[in-house]
Amino acid sequence: MSLRTILHPGPASAQRYCAVSCEATPLALTLQAHMPVNTAVAQAFAAAGFRAGWIGLSDIAMERMDYVIPAASADPDHAAWYSENLRPGPGSMIRWAGLHLGIRDGEPYMHCHGTWDVPGLGRRMGHLLPFEAAFSQPVEVAAYGIANAAFIVREDAETNFRLFSPERLDGPIATTGLRPAILAAVRPNEDICEAIEAVCDEYAVTDALVLGIGSLVGARFTDGREVCDLATEVLVRKGRVGCENGASGRRCTLDIDLVGMTGIIASGRLAHGANAVCVTFELLVIPEKRSV
């Protein structure tokens, strides 16, 4: 099955993914209310001794639920863009979302995709706006603190966006509960499952948990359904690398939610080898077994 691809304005980088080793520590964090979500997340990780990390959010009441969805670009400077800011009224709930905390211009910065319930509209999905959205009450969340590396926002010539790039990061860190992990970002027009397998090959990983968010050029699912939108926002609901159904070789499987430019949500397991990254895909890979 051929990949649907997208043409970006800049020259394609020879390196089609970037991955760095790190350490991940499971955490239980309290995120405070009545402040920007970006501030609440950064404060919680800093209190635990981390500048970077991953959080899964579920069933959280929102004071403000500001977000965007993918949209066509109004000019040739970008292959795709964002919708206007969507600001539903009080009473919205995050049903499931994932976020990376990294660093932009030396300050904490988060990137979050998820699904939410909006009063009067039902289930919606998109890219949470970190400095506008706020929780309505303190919330306990499960997280991973990332040590020795972080996603850093860098200029990207290929897409003309400022994107998270995984980089080694030195400095004081927590010293308990660390487990080896990998931060990775996949570039446009690479099949996301095959790219994750390539990352695992590089680090001799045979079995792993995969957490992440990103964008795809539409989507093809294992049950034959297709999403034809040029650009989508994606949340990995369940990601694994390992052997399935007695197979001898390891394989990446991703169960995802996505929203396209129409605002329609689609969910399911991605067909292997048939889903190209649109702009970027940011991943935390936690190895469970290695070949060496």
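Me: Which residues does Leu57 touch, leaving out those up to four places away in sequence?
Reply: In this predicted model, contact is taken as heavy atoms within 4.5 Å. Leu57 is also listed among the residues with the most contacts inside the largest nonpolar core. Beyond four places in sequence, the residues Leu57 touches are Leu31, Ile94, Arg95, Trp96, Ala97, Leu99, Cys112 and Val141.

Me: How many residues does the largest nonpolar core have?
Reply: The residues with the most contacts inside this core are Leu31, Val41, Phe45, Ile55, Leu57, Phe135 and Leu284. Another core lies apart from it, with 31 residues that include Ile196, Val236, Val241 and Leu254. The count for the largest nonpolar core is 58 residues.

Me: How many disulfides does a search of the whole structure find?
Reply: A disulfide needs two cysteine sulfur atoms within 2.5 Å. The sulfur of Cys18 has its closest cysteine sulfur in Cys22, and because they are 12 Å apart, this is too far for a bond. For Cys112, a buried residue with a relative accessible area of 0%, the closest cysteine sulfur is that of Cys278, at 19 Å, again too far for a bond. The number of disulfides found is 0.

Me: Which strands each supply at least two residues of the lining of the largest cavity?
Reply: The search finds 1 cavity of 30 Å³ or more, and the largest cavity has a volume of about 30 Å³. Its lining is made of Lys238, Gly239, Arg240, Thr253, Leu254, Asp255 and Arg269, which divide by class into 1 nonpolar, 2 polar and 4 charged residues. The strands that each supply at least two of the lining residues are strand 17 (232-242) and strand 18 (251-260).

Me: What are the residues closest to the centre of the largest pocket?
Reply: The largest pocket holds about 570 Å³ of space. Strands 5, 7, 12, 14, 17 and 20 give two or more residues to its lining. By class, the lining has 15 nonpolar, 9 polar and 4 charged residues. Of the 28 lining residues, those closest to the centre are Tyr82, His127, Phe161, Arg162 and Leu163.

Me: Which strand gives the largest share of the lining of the second largest pocket?
Reply: This pocket has a volume of about 230 Å³, and 17 residues line it, with Asp156, Phe164, Ser165, Ala185 and Arg187 closest to its centre. Strand 11 (149-156), strand 12, strand 13 (179-186) and strand 20 give two or more residues to the lining. The largest share is 4 residues, and it comes from strand 12.

Methods. Residues are numbered from 1 along each chain as its sequence is written. This is a predicted model: local features need pLDDT of at least 70, side-chain atom pairs count only at pLDDT 80 or more; totals for chains, interfaces and linings use all residues. Side-chain values use heavy atoms; hydrogens and water are left out. A nonpolar core is a set of buried Ala, Val, Leu, Ile, Met, Phe, Trp, Tyr and Cys residues joined through side-chain atoms within 4.5 Å. Buried means under 20% relative accessible area, exposed over 50%, partly exposed in between (1.4 Å probe, protein chains only). On a 1 Å grid over the protein atoms alone, a cavity is a set of points where a 1.4 Å probe fits but cannot get out, and a pocket is an open set with protein on both sides within 12 Å along at least five of seven lines; lining residues have an atom within 4 Å of a point. Grid points are joined across faces, edges and corners, and a volume is the space filled by probe spheres set on the points. Ala, Val, Leu, Ile, Met, Phe, Trp, Tyr, Cys and Pro count as nonpolar, Asp, Glu, Lys and Arg as charged, and the others, Gly among them, as polar.
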